[in-house]
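Please keep the sequence and the model open while reading.

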Amino acid sequence: MHLILFFLFAGFCLAGAINLLVQSHPINSALSLIVVMTSLAVLYLLLGAEFLAAAQVIVYAGAIMVLFTFVVMLLNAGREERTMGSRTARKVGFPAVVAILGILATVILKAQGLGVAGLRDGITSTEELSRVLFHELLLPFEVTSVLILIAILGAVALARHGDGDPHGNQDPHGNGERTAGK
Amino acid sequence: MEIPITWYLLLSAVLFSLGVVGFLIKRNLITVFMSIELMLNAVNLSFVTFAHQWHAVRGQIFVFFVMMVAAAEAAVGLAIIIAVFRARATLAVDRIDLMKL
Amino acid sequence: MNGFLFLPLIPLLPLLGFLLNGLFGRRLPKALVTMVALSTPLASFLLVARAAFLIWKGSWVLPVIEAPAFGHSALVWINIATLHADFSFVLDQLSLVMLLVVTGVGFLIHIYSVGYMAHDEGYARYFSYLNLFLFFMTTLVLAGNALLMFVGWEGVGLASYLLIGFWFQKTTAADAGKKAFIVNRIGDFGFLIGMFLLLANFGTLTFSEIAARLDANPGWTGGELTVIALCLLLGAAGKSAQLPLYIWLPDAMEGPTPVSALIHAATMVTAGVYMIARTHVLFDHSPFALSVVAIVGAATALFAATIGLVQNDIKRVLAYSTISQLGYMFLGCGVAAYSAAIFHLVTHSFFKALLFLAAGSVIHAIGGEQDMRKMGGLWKKLPITFAVTTVGVLAIGGFFPFAGFFSKDAILYAAFAQGAGGKALWFVGLVTALLTSFYMFRLWYLTFLGKPRSETGHHHSTPWSMLGPLVILALLSISGGWVGIERFAAYLAPATGARATEAGGNLELILSIVAVAVALVGCFVADLLYRQKPARPAELAAEYPESYKLLAHKYYVDEFYGATVVKPLLAISTYFLGWVVDKALIGGTAWLLGGIATFSGALLQRWQSGNIRSYAAWLAAGAAAVLLFLVVPWSAFLANFGIHLNLAGH
């Protein structure tokens, strides 16, 4: 049972990730990413992190990805255009990725003393989590809230229309009339 | 049935690499950003895995914080993307090269 | 003993004058410049006079050592291992005499310059240089160790360069300044080597300590002491214009005449003699070096006198005469009659300065002409100048009772009393005295007597600022020798050693009479050739054309040096150093370095493409590298190649 669940949702993860790479329209990529997020939430659950699973769905899939989708639609981003590729990305990047994957895989496979995960293992209760969070790590927690506040302010400041720019570059009717880009 | 931890870790590594690949080959700015989120999630998975392995709650708490930071980062990053789009009217990664020497 | 003698002030006051006039002189009114320029040498002279008075009264006992200090700790200059050098100024009999000459004659010449340079636009600059010279000269005289003396030594060379090339727009003047400085430098090299050897052998550069060390070892002679003495002699020869480094002095006449009087007659050129007298203990322990000194002195005296016979520029005659008289002083040192040499130094400074200043007065009066063949009949127009020049000529000729008689005789007698070699040197000195008398009277006749040979330019009347010092110097030239060599030597004995030769009674008297007779012969021949038969010199020149040309061209020494030393050096500088080292090596290296920077910059610039994707690619590569570094067990890995690291944790 555990195995089936694992393979199923790991498969969804990989499929979603590969689909993200393959799709040319950003909205499709966003939707694939949502699939990845949700599958990861199930995997967290399999590993006994119930609170995190919920948080993953609520925060990541439910808020961040929604934000992404909003922005994609706001900017009316269309299919990716064919621009000149970067040779460096091909020549340097891909070997680098292969190297990273190789090293990580080697380390993981060679590591000793790793156990197994099963359904019988206990689930970390929310109470345990919050105990540690609010007792020992209270300060980072409060700092995080300040961080979010700053992020809100920053996002608002960056995204509003600049002074002296009544309509920005936006197409008010969303008809795709633009001077450049598309 | 029990699953070796190693499989979770391998999945995390593969997802991370896929994220890097996406970062390298995608041409739309928003999609690149999404690949970054994918990388973050992969790392989150490995954290949770190790938290399970060593029975350490702190691993999960770290994931919690990562999520918060990712949320803040996504908000600000997308705001920047909007500002860039307003300035350059393009979302193509290769066209945004004002930092060229 | 109360209070201070303020020895450090004696050099420092002229330094202050140099700074004031040098920095601000151009903007100050001329009267103020003059006041500053005159007050500092006067102040130094008064300090010296006060010191002399106090010593004469018995309030102070020589030697006196004063060093600048902050509170109770003396200012330390160098304090490394065995080398300790400080700024101590030492006043003893020798330096007191020298200081009186330097500051006294110096002050008189400052006054003279006020009149002579009155119309020159570099007025303030001139006086600042003159004060600078006084600062360095007094430092040289008062120095208690060789290092401080070397500072003064170099400094007077610098001041000499600045003043010779004072009218630097004239190429000949600028060249003369350079020549003086470079030839001096060659001598200074000898001085430096001597100092290094002194340090190596004695471990100290303080004169008193070296003298004490030598006195304690009377048997230590020759060997390394000779080498040191010869090196110091080279330095002295450069500064005092002896063979073979005399060539700069005649050219130095390009400078203003008061400069020639002060620096190239009375003070700077005597620094070499002073230095030998100062280090006489060293020379006493090396008979070989002493004989070299004596031979160099005698040879130079004769050599220069022969050249002076046929010179036509009034200042050149005086220049060669100076070289010749300096040769006498070296001869005196060489026969260990240091007090006689210093005695001659003092009297020579009086009458040579007098002669130079009088020549300056003549030049000033007839509008800049220096060629004696165009002068004549000036005794009517410049009576005071004529009178003082006569005094000077009689003094340098060695006539009784003028100053030169006493001092020159002391040297000649000391030479004669030194055995067979000494008698030969005495003879050379005697011949030189004959020639000296001859060419000085020749100068006297050509300049002042007879009928005017050319229409002289505008006549400036000589101001009192110029005449006053002339008169004072004339009085000194008359009376300067009356102190007598015995009393002088006795006075100087603590500093220069007891007189080597005792008073000789009859022998000395006979030799003096011979010397005066010889001088009279010279005067007579000059009278014959230049008054009675004025056409005769030209006939003689025609009869012996080669000899005449040889003398007139100064034995072609300058040309010889030019061909053997200057030309090869110039060739090396231009071709080897200029092209090979400078252009190819150094320029090439600079070009190469610049090229590397530019090239690598251009190469690296391509990295900054602004392309986000390439940046991302390099990020990934960097991450892979970091991962690799963290994961691989480097100690074990490198140990396979034999490299053993000492890292913790890997």
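Two residues are in contact if their C-beta atoms, placed from the backbone, lie within 7 Å. By that rule, among contacts in chain A between residues at least 6 apart in sequence, 56% join residues at least 24 apart. The coordinates come from a predicted model, and the predictor gives the complex an ipTM of 0.90 and a pTM of 0.69.

Chain A is built from six helices and one strand. Starting at the N terminus, its elements come in the order α-α-α-α-β-α-α. The chain has 182 residues, of which 29% count as buried. Its mean pLDDT is 84, with 83% of the residues at 70 or more. Within chain A, confidence is highest in helix α2 (residues 26-46), at a mean of 94, and lowest in β1(A), at 75. Over residues 176-182 of chain A pLDDT stays under 50. For this stretch, the model has eleven contacts beyond four places in sequence.

Chain B contains three helices and one strand, arranged along the sequence as β-α-α-α. Of its 101 residues, 55% count as buried. Among contacts in chain B with a separation of 6 or more, 50% are between residues 24 or more positions apart.

Strand β1 (residues 116-117) of chain A runs antiparallel to β1(B), and two bridges join the pair. In one of the bridges, Ala117(A) has Ile3(B) as its partner.

Chain C also touches chain A. This contact takes 13 residues from chain C and eleven from chain A. The side of chain C that touches chain A has ten nonpolar residues, two polar and one charged. The average pLDDT of chain C is 85, and 95% of its residues score at least 70.

The remaining points concern the backbone of chain C. Most residues other than glycine have a negative phi, and most peptide bonds are trans. Where does chain C have a cis peptide bond with omega of about -10 degrees? The bond joins Leu243(C) and Pro244(C), and Pro244(C) lies in the loop between α8 (224-239) and α9 (248-251). The loop between α8 and α9 of chain C also holds Ala241(C), which has a positive phi of about 55 degrees although it is not a glycine. Ala241(C) counts as buried because it has 30 C-beta neighbours inside 10 Å, and the cut-off is 20 or more.

Pro401(C) sits in the loop between α16 (383-397) and α17 (403-416) of chain C. Ala336(C), also not a glycine, has a positive phi of about 60 degrees. Ala336(C) belongs to the loop between α14 (314-334) and α15 (338-365) of chain C. With 23 other C-beta atoms within 10 Å, Ala336(C) is therefore buried.

Definitions and conventions:
Residues are numbered from 1 along each chain as its sequence is written. Chains are lettered from A and ligands numbered from 1 in the order in which they are written. This is a predicted model: local features need pLDDT of at least 70, side-chain atom pairs count only at pLDDT 80 or more; totals for chains, interfaces and linings use all residues. Two strands pair if DSSP finds at least two bridges between them. Helices (H or I, at least four residues) and strands (E, at least two) are DSSP runs, numbered from the N terminus. A residue is buried if 20 or more other C-beta atoms lie within 10 Å of its own, exposed if 12 or fewer, and partly exposed in between; C-beta atoms are placed from the backbone. pLDDT is the predictor's confidence in each residue, from 0 to 100. Ala, Val, Leu, Ile, Met, Phe, Trp, Tyr, Cys and Pro count as nonpolar, Asp, Glu, Lys and Arg as charged, and the others, Gly among them, as polar.
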